[in-house]
Structure formats: C-alpha cells, structure tokens
Amino acid sequence: YSPMFREEVIEKDDTHIIYRDSYGVLCKNDVSIRSLPMELEHPVTDWNSWKKYKEFYDLGTIESRLPEGWDDIVARLKKRDFPIRLGGTVGGFLGFPRQLMGVTGYLMALYDAPDMIHDMCDTFLQFLLHYYDRILQDVEVDCILIWEDMAGKQGSLISPDHFREFLSPRYRDMVGFAKESGVDIILTDSDWFVEDLIPLIVETGVTGMYPFERAAGNDLLRIRDAYPEFQMLGGFDKQVLFASGGREAVERELEITKQILPRGRYIPHLDHFASPDCTWENFSYYRNKLNHIIEEM
C-alpha cells in the first residue's frame, strides 16, 4: 500500500535507530525495531505536499506492485487449502491519512482541511479498488479487510459525524465492490474500545470486526446480544496468559468463549498478538482447552 519509497537509515547507535520508512515517515525506534516507532516527521502536511505525494498512487503503478513470480504464485494459490484475505496495515480510510500525517495532523485536518481528507480517501479508495480488482482477476479471495486502528481505550478517535462523512461512503463502496467480486466477508480491524464504532460500521454493510481487546472494556456477550449477525474474531484477553495469570484466569475467560461459540459467526483467538509477557505454560493450557471446547461443539 505504500508508495514504495526506499527505506533509509538516517542515524543508528547501540540503542536506537532513526530511519525513513517506505511511506516517507521519519521514525525512531529501538535498534532491533521491536515496537511501534516514534514518528518524528510526516510527508503530508498540507494540500501542496499531498498533491505531490498522490502522484505515487497513479493507477499505472498497479502492475508493478504484484510480487515477483506472480504467475507461479497464482498457480500455487489455486491449489491452496487455506483462506486468503486482501487488506492489511494502513489499508483503511482513517489509517491511510493518519499514516501520512500523524494522528494529531490527521485529526486537526478533519476540521481545518476536510476537502484534502476527502481527496486522500478518494485517491486511496480508487487505488485499492483497482489493485484488488487486478488481484481478483487471477486469485479467488475469501475476505477483504479494512484496517484502521481508529480507537483508544476511551473510545473512537473520531466522532460519529466524522465517521459518516469520511469513512462510511468509502466503506460502502468497498462493500459493493466486494460483493460484486464474490467476496462476502468484509472485516474492519481496530484495537482498543470499539463498541461505540460497531453500529456505525454495521450501517455500511461491513460484516465483522476484530480483535476486541478485553483490557479496553469490550464485552463480547454484550456485543453478540446487540448484533447477533455481526462476525467477531478474537476477544480472548491475552493478559490472563501473562506470568501473573494462571489456569483459573484462563478458565474464566474461556467461559465467555463457551457462551458465544454456539451462537455462531465467531472465531475465538487472542485479542491481539501473543506478547513476550505470555508464558508458554499458560498459552499451552489455553490453546489445549480451547481446542477441546471447539471439538465438543
């Protein structure tokens, strides 16, 4: 999804690295790049910088974005026994402008430069529709993901009005494209507390969401009761797998899984990546117990 800028190391010492990534964002991280970076500088700050930047999303670049050996990849994927998802990090209509402008720059621009945000969203939408269409000419796809990370622990980063103005029209276009292409699963990805966002997402025709982080207060039973047809993935609190947790904590969390699984449209797994804080003992216990629950359903 990036303009494929060449990544460049600006400065590096024994503990930290400063580099410019493939989006043109100047980042600082620990030398092993084990966490999300501190963003020091962003390539889009106003209309002029955006007009220059959008040239890198010329639709003539689509073919060059396909991986090397595409024909061989296509042949292999036609024999696959696993699902394929289109969409990943930065593949959304809040995620994209925020990546180019930073969180503060993006949120300010919603008020100060709404026309520019609309143009960024429209440019990215057309890019995605053409890119996905090119892939779908050769490969059957099972799911499309709209990646946003558009919430914090207190709730949505943007208001319902801003969601409906800037995101909803592009979501509906993506849903329409997906259905015309034979893809009936369209998911949105956002961390932290997302319950206030779900009704806005449902309005657009998006069929599901993940990961439903429990530490942020998301209640899977409450969500399932309110939206029985909404597809949910994740929702198991990874924190109970930390060294401070234990089997009793795992069992309590799995009780929620037992109540939701029979109601369908749910794939249980951790509410985010298994972090280094998770112990192998706790993870193994959780995974074996979950396998047993699934087998009994």
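Strand 10 (residues 208-211) and strand 11 (residues 231-233) run parallel and are joined by two bridges; here a strand is a DSSP E run of at least two residues and a helix an H or I run of at least four, both numbered from the N terminus, and strands pair if DSSP finds at least two bridges between them. Gly208 sits opposite Gln231 of strand 11. This is a predicted model, with local features needing pLDDT of at least 70 and side-chain atom pairs pLDDT 80 or more, while totals for chains, interfaces and linings use all residues. Residue numbers start from 1 along each chain as its sequence is written, and side-chain values use heavy atoms, with hydrogens and water left out.

Zooming out, the open sheet has six strands in the order 5-6-9-10-11-12, with parallel pairing. Which strands stand at the edges? They are strand 5 (85-86) and strand 12 (266-267), and each has a single partner strand, so one side of each has no neighbour in the sheet.

Now for the helices. Helix 5 (residues 103-112) and helix 6 (residues 114-136) have axes that come within 6 Å and cross at roughly 115 degrees; axes are lines fitted to C-alpha atoms over the stretch in contact, with angles from 0 to 180 degrees between N-to-C directions. Tyr106, Ala109, Leu110, Tyr111 and Asp112 of helix 5 make the contact with Pro114, Met116 and Ile117 of helix 6 (contact means heavy atoms within 4.5 Å). Those residues split into seven nonpolar, no polar and one charged, where Ala, Val, Leu, Ile, Met, Phe, Trp, Tyr, Cys and Pro count as nonpolar, Asp, Glu, Lys and Arg as charged, and the others, Gly among them, as polar.

On to the rings: the count comes to 20 aromatic pairs, taking Phe, Tyr and Trp (six-membered ring) with centres within 6.5 Å, and calling planes under 30 degrees apart stacked, over 60 edge-to-face and the rest tilted. Two of them are worth a table.

| Pair | Centre to centre | Angle between planes | Class |
|---|---|---|---|
| Phe93 and Phe124 | 6.1 Å | 70 degrees | edge-to-face |
| Trp280 and Phe283 | 6.3 Å | 25 degrees | stacked |

Phe93, in the loop between strand 5 and helix 4 (95-101), and Phe124, in helix 6, are 31 residues apart, so their pair links distant parts of the chain. Both Phe93 and Phe124 are buried, meaning under 20% relative accessible area, with exposed over 50% and partly exposed in between (1.4 Å probe, protein chains only). Trp280 and Phe283 are three residues apart in helix 11 (residues 280-296), so about one helical turn separates them. Trp280 counts as exposed because its relative accessibility is 67%, whereas Phe283, at 24%, is partly exposed.
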